[in-house]
Amino acid sequence: MSLSRSPSPHPGGGWSSPGLTPGSGASTPRGYSPATLAPNGISWAAAKAKSDEVRKYPSFSTRNSGFFSRQKRKISARLPNFRGQASRQGYVDKDVYGRGQLHASGPGGSIVQLYRRSPLGGGPKFVIILGSNVEGGVMEWKGAREWAIERNSIWNKQQYVKRWGYQLEVANMLAKKRYSHEWRESWEKGDVIREVMRKYPNAEWFWWLDLNTWIMEYGTSLQSHLFNDLDSHVYRDINEYNPLNITHPLPEFFLDDLGRALEGDGNPESLSLLLSQDCSGFNLGSFFLRRSIWTERLIDAWWDPVMYEQMHMQWEHKEQDALEYIYQSQAWVRSGVGFLPQRKINAFPPGACGDGNDPAVHYKEEDHDFVVNMAGCNFGRDCWAEIYNYRAISNEHNRSRWKWISDRLGSAREWAFGKED
Amino acid sequence: MQFALPPRRSPHTLPGAHSSRLPLYRRKQLKTIAIIAFAVITLLYLLSRLFSSSSTSLSAPAGTAGVVIVTLLDRQSLSESYINKIVTNREDYAKRHGYTNFFASVSDYDEAIGDAPRSWALIPAMRHAMATHPNSKYFFHLSPHALIMNPTTSLKYHLLDRSRLESLMLKNVPIVPPDSIIKTFALKQKDVDLILTQDSEDLTPSSFILKNGDFARFFLDLWFEPLFRSYKFAKAETHGLDHIMQWHPTVLARTALVPQRILNAYSKDSPGASQDGSYKDGDFVIRFPSCDEGKTRDCDELDPYYSMWLKKAKST
């Protein structure tokens, strides 16, 4: 099949795709062709309009949005979040173990927190983006367990963010269920990150976390854990751990030194994407993106209709596979990517990666790993049970000094006088 | 100085506690502390601003000066004498302006291109030129079926200069003629990394200028994406270029479109020239698009223009 043109954008968005829509192979960017019908009968325009209802994201613009809209955004971002309040105070349920017992900051914490929240404290440089599905999907009915997972996961990030003065953005991924086949179904991570970057113009690092993750150690700041000494934690040479057997560095003779470098330019300032690999390759359950021109380009190149059209059947993990792919095929990508050992930001529960118990992959309580990602728990495992379990461990690790002493006293009494029942 | 009232004593001074010198001394001390505190806060603020902004700044392009002219020659299909003409033409021009020539051979990139049409070779050739001359600032790709007709035209004054480029730039023009909904931006010269022309149908990769740096690497790597090569665009890399311009705003936002005759005037009667895109006496470059189709081994159409150029080159 020889295609006269690439699929071309239409006014108002979308494109006619030669491969997927019959009779549109000769379409050119010239004519306006109204809402092309996809094979499954969902028109692009309809799907797009629906997803716009849920979550509008502005298209790319080279200009800053107006003063007023920026201020309005700032103001609205500071308004109290009633949902969050309600779930913290109004909601009581039996599954919640130790809620309200967590005094992470202790007395006098508020001044420290105020400082951390200020530009001097460095807190506002970090935004956590939690991929969530707040109101429930359209396609699947959300049960009590799903609600509990979501509530708890958000609460977990709120606790952490409050302590260190970071910002939290709960991204509603609801729209993805309404995306039609041809649209960026579950390719939204890039779109959401772009949107959040616009919303927090002063933040530098954006940390994506999937919903099924748990931040285990509230006492560990991102600065001390990673960013104060990025160079020592990151490896750029993928050969260090290379489950996909990616050829690195690239052998092409026509590339420049940077394109063929083993370690990029070696300067931690050029790192814009920090992610970890699990036993089967890149993992995007927990990753960092820095605000930079490299990141803009990555998000832009990540999704392309011609690439998507050819690969969407093979790219089962959507943007994760696409990222793996462009990391291999386009030399410029490598210079901005740094890998972190998996347990640094993305430890797996036992059994999440193959049958093996690879110590580089799986959570170790005694090492106080920072984050657990219940990756793949909705495929034959029990997400809620896992989260419940890790929440208990995390609460144990993070209890206040007073709680620790009283627990000790309690166990001492038990030891001395035997159990009372 | 006269005061209507005697200066008020500080209420904190205890009666009989030494003299009135103390509050004055204290005030001075407080003033010093305030100044120091202010200075420290300002310094910290400035430092924090400095660090927060440094992380978002662009890395400067590697090169500082110089232009490299990249010509891709297919030594298997072009005759020796034709290649000599092109090389003479480019070398004469480079010598006059202190530019550098980079002659690449299509067959060098066969392995990289794979099954795709060989015309894709211009992209790795550009990357190769950049790797070979990392300190040059501009890379000018010119098709082997084109002649530089005006040897005295310097790229700087003709095109690259700030006011010149900003006045030439076509703003809010459909990227793919005549009515693509994606249109060019109005850019400042410092934001331009790629200078292109279009004919009546497409953006043309036969003659363009690319500035060395991160953008150039990104742009060339994206353009050379294997999935674009395997997509079987009817016009291979030309449609590939149309495609990425329309779909990737980070590329478009660094691209300036200039009138066709600035870089890419078509020979007389060539189909596909844009309005006012045909060669007129005095134009910088003439290109022979029908020669790209490779029906004749050499581009006969070029000969009369070559002798015209020879005459001109000798007299100036």
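**Labels and the values behind them**

Modeller: Gladly, and I'll start with a helix contact: on H4(B), Ile123(B), Met126(B), Arg127(B) and Met130(B) come together with Ala216(B), Leu220(B) and Trp223(B) of H7(B). Sorted by class, the contact of H4(B) with H7(B) holds 6 nonpolar residues, 1 charged residue and no polar ones. Please keep in mind that this is a predicted model.

Biologist: What makes Arg127(B) the charged one in that contact?

Modeller: Arg belongs to the charged class, together with Asp, Glu and Lys. The contact has 1 charged residue, and Arg127(B) is among the residues of H4(B) that take part.

Biologist: How are H4(B) and H7(B) arranged, and why is there a name for that arrangement?

Modeller: Helix H4 (residues 122-132) and helix H7 (residues 214-223) of chain B have axes 9 Å apart and pack at an angle of about 155°. An angle over 145 degrees counts as roughly antiparallel, so H4(B) is roughly antiparallel to H7(B). The crossing of H4(B) past H7(B) is left-handed.

Biologist: Let's move to a loop. Why is Phe185(B) called partly exposed?

Modeller: Phe185(B) has 19 C-beta neighbours inside 10 Å. Buried needs 20 or more and exposed needs 12 or fewer, so with 19 Phe185(B) counts as partly exposed. Phe185(B) sits in the loop between helix H6 (162-168) and strand S5 (194-198) of chain B. From Phe185(B) to Met126(B) there are 59 residues in sequence and 25 Å in space, C-alpha to C-alpha. The loop between H6 and S5 of chain B also holds Pro178(B).

Biologist: What kind of peptide bond runs from Pro177(B) to Pro178(B), and how do you know?

Modeller: Omega is near 0° there, and the bond is cis. Chain A has a cis bond as well: His248(A) and Pro249(A) are joined with omega at about -5°. Pro249(A) belongs to the loop between helix H8 (230-233) and strand S7 (273-278) of chain A.

Biologist: What makes these bonds worth a remark?

Modeller: Most peptide bonds are trans, and most residues other than glycine have a negative phi. His368(A), not a glycine either, has a positive phi of about 50° and lies in the loop between helix H13 (342-345) and strand S10 (371-373) of chain A.

Biologist: How do you know what span helix H5 (residues 144-164) of chain A should have?

Modeller: At 1.5 Å a residue, the 21 residues of H5(A) should span 30 Å, and the end C-alpha atoms are 31 Å apart, so the two values agree. Just after H5(A) comes Gly165(A), with a positive phi of about 75°. Buried residues of H5(A) include Ile149(A), Asn152(A), Tyr160(A) and Trp164(A).

Biologist: Which residues of H5(A) meet H14(A)?

Modeller: Arg145(A), Ala148(A), Ile149(A) and Asn152(A) meet Cys383(A), Trp384(A), Ile387(A) and Arg391(A) in H14(A). By class, that contact of H5(A) with H14(A) has 5 nonpolar, 1 polar and 2 charged residues. An α-helix has 3.6 residues a turn, so residues three or four places apart point the same way. The axes of H5(A) and helix H14 (residues 383-398) come within 9 Å and cross at roughly 35°, and the crossing is left-handed.

Biologist: What makes you say that H15(A) is hardly covered?

Modeller: The count of buried residues among the 17 residues of H15(A) is 0. Helix H15 (residues 401-417) of chain A reaches 24 Å from first to last C-alpha, close to the 24 Å expected. Gly418(A), with a positive phi near 80°, follows H15(A).

Biologist: How many helices and strands do chain A and chain B have?

Modeller: Chain A has 15 helices and 10 strands, with 37% of its 421 residues buried. Chain B has 13 helices and 9 strands, and 39% of its 316 residues count as buried.

How values were computed: Residues numbered from 1 in each chain as written. Chains lettered and ligands numbered in written order. Predicted model: local features only at pLDDT ≥ 70, side-chain atom pairs only at ≥ 80, totals over all residues. Helix = DSSP H or I, 4+ residues; strand = E, 2+ residues; numbered from the N terminus. Expected span 1.5 Å × (residues − 1). Axes fitted to C-alpha atoms, helices over the stretch in contact; angles between N-to-C directions. Parallel < 35°, antiparallel > 145°, perpendicular 65-115°, else oblique. Left-handed = near helix turned anticlockwise from the far one by under 90°. Contact = placed C-beta atoms within 7 Å.
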